[in-house]
Amino acid sequence: YPHTTAVVVHGLQLASSNDIAIVPGVLENGIAWLKNHQAEQVTKLRNYPKEKKPWKTHVDNIDAFVYMVLVDAGHDNVAMRDFLYRDRQHLAVYAKAMFGLALYSVKDQEKLDMIVRNIEQFVVHDAENETAYLQQPDSYWWYWYGSENEAMARYLQLLLKVNPDNQTAPRLVKYLLNNRKHGTYWKSTRDTAVVVEAMADYLSATKEDQPNMTVEVFVDGNLQK
């Protein structure tokens, strides 16, 4: 259950960073489990050239998710970082964005620049509507890493770190806002939560959460306040 564990740990990390009380030991136990899982995957990747069981030929998308979560927890497995970079073409756009966020945190600029360029080739701009979105392959839409909304949300978070003044960021925000269902949510509780997380980062990065303005309220043409 590495994916479920990564989701839960990431959620607990967000809660902790926002001063929400967590049952003691839960977050630490989750991180420890993910570290053991990651170590097992590194062993499998190292075993492949020697045809020693158990092995795996290349990294997968969950490896990128787990790596991001563990880096957020202060644990950088350099071997996994190198494997993820080596096998980056096997990663979905969503996973590339996650890997990019982790690379930013560990300050690996060379790898980060390449990952950003890899993702940029999937960006489509709609000049007329002033929006932008990620054009992803539709061959795995039913998997978690095939979520278009979540992929764009993670990419938005990455852009806010590496190039916050890029015109793509506000265009992604507009595209996501325009593609809500009934104006209140996206496709699921999960992708809605991820998009809201990214939107909060956008408000903070652009200081839109700290408005400085004078507002006049009119009712029927009369100034009320």
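Where does Asp220 lie? Asp220 sits in the loop between strand S3 (218–219) and strand S4 (222–223). Its phi is positive, about 55°, although Asp220 is not a glycine. Asp220 counts as exposed, at 75% relative accessibility. Here buried means under 20% relative accessible area, exposed means over 50%, and partly exposed lies in between (1.4 Å probe, protein chains only).

This is a predicted model, in which local features need pLDDT of at least 70 and side-chain atom pairs count only at pLDDT 80 or more, while totals for chains, interfaces and linings use all residues. Residues are numbered from 1 along each chain as its sequence is written, and side-chain values use heavy atoms, with hydrogens and water left out.

## The whole chain

The protein chain has 9 helices and 4 strands. Helices (H or I, at least four residues) and strands (E, at least two) are DSSP runs, numbered from the N terminus. Along the sequence, the pattern reads α-α-α-α-α-α-β-β-α-α-α-β-β. The C-alpha atoms fill a box of roughly 80 × 45 × 30 Å, taken along the principal axes. The chain has 225 residues, and 43% of them count as buried.

Contact means heavy atoms within 4.5 Å. Take the contacts between residues at least 6 apart in sequence: 63% of these join residues at least 24 apart.

## The core

In soluble globular proteins, nonpolar side chains tend to be buried together. In this model, the largest nonpolar core holds 63 residues. Such a core is a set of buried Ala, Val, Leu, Ile, Met, Phe, Trp, Tyr and Cys residues joined through side-chain atoms within 4.5 Å. Phe65, Leu84, Ile119, Leu134, Tyr155 and Leu156 touch the most other members.

Leaving aside neighbours within four places in sequence, Ile119 is in contact with Val93, Lys96, Ala97, Leu134, Tyr155 and Leu158.

Leu84 belongs to helix H4 (residues 78–86), where Ala79, Met80, Arg81, Phe83, Leu84 and Tyr85 are buried. What covers them? The cover over the buried residues of H4 includes helix H2 (26–47), helix H3 (61–72), helix H5 (93–106) and H6. At the start of H4, a side-chain oxygen of Asn77 reaches to within 3.1 Å of the backbone nitrogen of Ala79.

Helix H6 spans residues 109–120 and includes Gln109. Gln109 is partly exposed, with a relative accessible area of 47%. Gln109 and Ala200 are 91 residues apart in sequence, and their C-alpha atoms are 25 Å apart in space.

## Loops and strands

Lys53 and Pro54 are joined by a cis peptide bond, with omega of about -5°. Pro54 is in the loop between H2 and H3.

Glu130 lies in the loop between strand S1 (123–126) and S2. Glu130 is not a glycine, yet its phi is positive, about 55°. At 48% relative accessibility, Glu130 counts as partly exposed.

Is Thr131 buried or exposed? Thr131 counts as buried, because its relative accessibility is 4%. Thr131 is found in strand S2 (residues 131–134). Not counting residues up to four places away in sequence, Thr131 touches Val124, His125, Asp126, Arg171, Lys174, Tyr175 and Asn178.

## Two pockets

Rolling a probe the size of a water molecule over the atoms shows where empty space is left. On a 1 Å grid over the protein atoms alone, a pocket is an open set of points where a 1.4 Å probe fits, with protein on both sides within 12 Å along at least five of seven lines; lining residues have an atom within 4 Å of a point. A volume is the space filled by probe spheres set on the points, which are joined across faces, edges and corners.

| Pocket | Volume | Residues nearest the centre |
|---|---|---|
| Largest | about 450 Å³ | Leu14, Gln157, Lys161, Glu197, Asp201 |

The largest pocket is lined by 17 residues. Helix H1 (2–17), H3, H5, helix H7 (148–162) and helix H9 (189–205) each supply at least two residues of that lining.

Terms used: Polar contact = N/O pair within 3.5 Å; in protein donor to acceptor, adjacent residues only side chain to side chain.
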